[in-house]
Amino acid sequence: MSVHDDLTSVQRCLEDLNRSVSRLEQQLGGGGLEMRRVRADADHLRESVALLREAASTGAPSKRPELVTISDDPYDINLWTDTDDEGLGARDRHAP
């Protein structure tokens, strides 16, 4: 299957899910927290699939963020001058 076919299949399943959720809302009422959560989750899935469909239609793969290498060399000790140790306070004062 192609990506387009897979997205179409997922879209159909989401439409079925939305119909089922609507029927449940009619039977159980839409005011309960659980029902609102199910409705919100179904809506989020629909939005996510729409974003996937849009990304697939542009044909451009999503870009990975550029990795930044962090050196293992120790930091310059002067960076820590006049700093407080978290939870301990300043070096020249006692902790409460």
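Colleague: What is the mean pLDDT of the protein chain, and how many of its residues reach 70 or more?
Modeller: The mean is 84, and 82% of the residues reach 70 or more.

Colleague: Where is confidence lowest, and where is it highest?
Modeller: Strand β2 (residues 89–90) is lowest, with a mean of 61, and helix α1 (residues 3–28) is highest, at 91. Where pLDDT is low, the predicted coordinates should not be read in detail.

Colleague: How many salt bridges does the structure hold?
Modeller: There are 4 salt bridges. Side chains of opposite charge can pair when their charged atoms come close.

Colleague: What makes Arg19 and Asp16 a salt bridge?
Modeller: Their closest N and O atoms are 2.2 Å apart. The cut-off is within 4 Å, so the pair qualifies. Both residues lie in helix α1, 3 residues apart, which is about one turn of the helix.

Colleague: Why is Arg19 called partly exposed?
Modeller: Arg19 has 44% relative accessibility. Buried means under 20% and exposed means over 50%, so Arg19 falls in between.

Colleague: What makes Glu25 and Arg39 a salt bridge?
Modeller: The closest N and O atoms of Glu25 and Arg39 are 3.2 Å apart, and the limit is 4 Å, so the pair counts. The pair links distant parts of the chain: Glu25 is in helix α1 and Arg39 in helix α2 (residues 33–58), 14 residues apart.

Colleague: Why is Arg39 called buried, and why is Glu25 called partly exposed?
Modeller: Arg39 has a relative accessible area of 18%, which is under 20%, so Arg39 is buried. Glu25 has 23% relative accessibility, which lies between 20% and 50%, so Glu25 is partly exposed.

Colleague: How do you know that Asp43 forms a salt bridge with Arg46?
Modeller: The closest N and O atoms of Asp43 and Arg46 are 2.4 Å apart. That is within 4 Å, so the pair is a salt bridge. Asp43 and Arg46 both lie in helix α2, 3 residues apart, about one turn of the helix.

Terms used: Residues numbered from 1 in each chain as written. Predicted model: local features only at pLDDT ≥ 70, side-chain atom pairs only at ≥ 80, totals over all residues. Heavy atoms only, no water. pLDDT = per-residue confidence, 0-100. Helix = DSSP H or I, 4+ residues; strand = E, 2+ residues; numbered from the N terminus. Salt bridge = Lys/Arg side-chain N within 4 Å of Asp/Glu carboxyl O. Buried < 20%, exposed > 50% of the residue type's maximum accessible area, 1.4 Å probe, protein only.
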